[in-house]
Amino acid sequence: MKKILVIGGGVGGTLVSNYLADKLREEIKNDEVKITLISERDKQLYEPGLLYMIFNRMEESELFKEIKYLLDPMIDLRIERAIRVVPEENYVETEKEKHYYDFLVIATGSRVVPEEIPGLVESGHWFYNVDGARKLRDELARFEGGKIVVSIMGIPHKCPVAPIEVSFMLHDFFKLLGRRDKVEILYTYPINSVFLMQNVSSVVEQLFNERGIKYKTFFNPIEVDAKNKKVITLEGEEEDFDLLIAIPPHKGSQLVIDSGLGDKNGWIPTDRYTLKVKDYDNIYAVGDATDIPVSKAGSVAHFEAEVISENIAAQIKSLPPTARYFGKAMCFIEMGFDLATYIWFDYETPPKLVKPNKFIHWSKIAYNKMYWLTARGVL
Amino acid sequence: MKAEEIKADIVVDARGSFCPGPLMELVKTIKDAEVGKVIEVLSSDASSAKDIPEWVEKAGHGLIGVVQEDSYWRIIVKKIK
């Protein structure tokens, strides 16, 4: 029997597993193939929902679903914490047992490490995990006025457009509350424009200007002075704040680091077309876990999962794996509470921004409800 | 001494990574380096040859030189402060 092991119960892990179950249904029924998904959590978090949760536009309860309800029933789900991957011997060790595999998919995602910026944990807020989002939601509800700094403290980070979105949404949030004139919003970015892609940057800068959202570029925080509420940068600048919304530095999973599979930040060296982990023919990486120069975003994991499942299914059937990933990504960009656009791009095609409109915003709101169909491999 | 001949204390090989990868690698490296150290960034992305010198000037470090090789650029920087 061929064993396929998937580590990680996020969007990449569940999608690869579900697509594989669909492609290998007969083989699984005949006990020729077994798919096992290992997840340390029994619930999946819809991470894009955190952006809405902080403005009380989605409930925390809407953001979670039990993984067992997202998976094809033919998939063997194990709620266990993986401790290390031993690729030379084709097994993954968890707290409970060793799982041997013929094919491995690493879908262990990324995580925020706010502790890497001294003073940030003590005095900053973020919305890139549930605990952070809860605290920020409460803080925003109580915020009567003052200076909010939205600061990107490292690249890469999950959902590259989220800091832009949160800035636009802060503007609308305080405008609706009648407090916008009492709130200063400053957005900071590490490179010399407000976003990685130039044609997106120019539109965002124009809309920031129209809304009175200030911005600073080449701004790389190295420390937060918690006592005096100041962000200090490598460039020698200081920026004071009343509320700091940080996008903390990100790293790959500790499992990847402990297994020696990643670079110094825990990103897995991955072939950008085949999605195979460098030097291994039977290990693939999907989603945020890779070192591929594409957005760390759910849509990327989605499109990569299609390629990986097709290639593993081919290898199981003794065919050459011919599917290739060409960097396809799609991101909605919320520009407030009733306006949005989206970008679609790949390795060769830069994004072309669609004129922001209400229809795209409502499409995103609808997708927030429909996401669970994506995780199931339906949409 | 010409930029080509300078021996760097730290080499950051960011070839194969795209903008802003090489700049962000330099930012991380310079953060931890001692003052006075010379850092050389290797980048295959043409925009690094423009972006990195701009950042170096803004951050108050020293740009020793930008050298174009066959398929990549060497950007040599000295940590000043």
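**A walk through chain A**

In chain A, take the contacts with a separation of 6 or more: 64% of them join residues 24 or more positions apart. Here, contact means that the C-beta atoms of two residues, placed from the backbone, lie within 7 Å. This is a predicted model: local features need pLDDT of at least 70, side-chain atom pairs count only at pLDDT 80 or more, and totals for chains, interfaces and linings use all residues. Residues are numbered from 1 along each chain as its sequence is written, while chains are lettered from A and ligands numbered from 1 in the order in which they are written.

Start with the overall form. A compact globule of 379 residues would have a radius of gyration near 21 Å, and chain A agrees, with 21 Å. That radius is taken over C-alpha atoms, and the globule rule is 2.2 Å times the number of residues to the power 0.38.

Now go inside. Of the 379 residues in chain A, 48% are buried. Buried means that 20 or more other C-beta atoms lie within 10 Å of a residue's own. The largest nonpolar core holds 136 residues. Such a core is a set of buried Ala, Val, Leu, Ile, Met, Phe, Trp, Tyr and Cys residues joined through C-beta atoms within 7 Å. Val16(A), Ile106(A) and Val286(A) have the most contacts inside it.

Finally, look at the partner chain. Twelve residues of chain A are in contact with 14 residues of chain B.

Methods:
A residue is buried if 20 or more other C-beta atoms lie within 10 Å of its own, exposed if 12 or fewer, and partly exposed in between; C-beta atoms are placed from the backbone.
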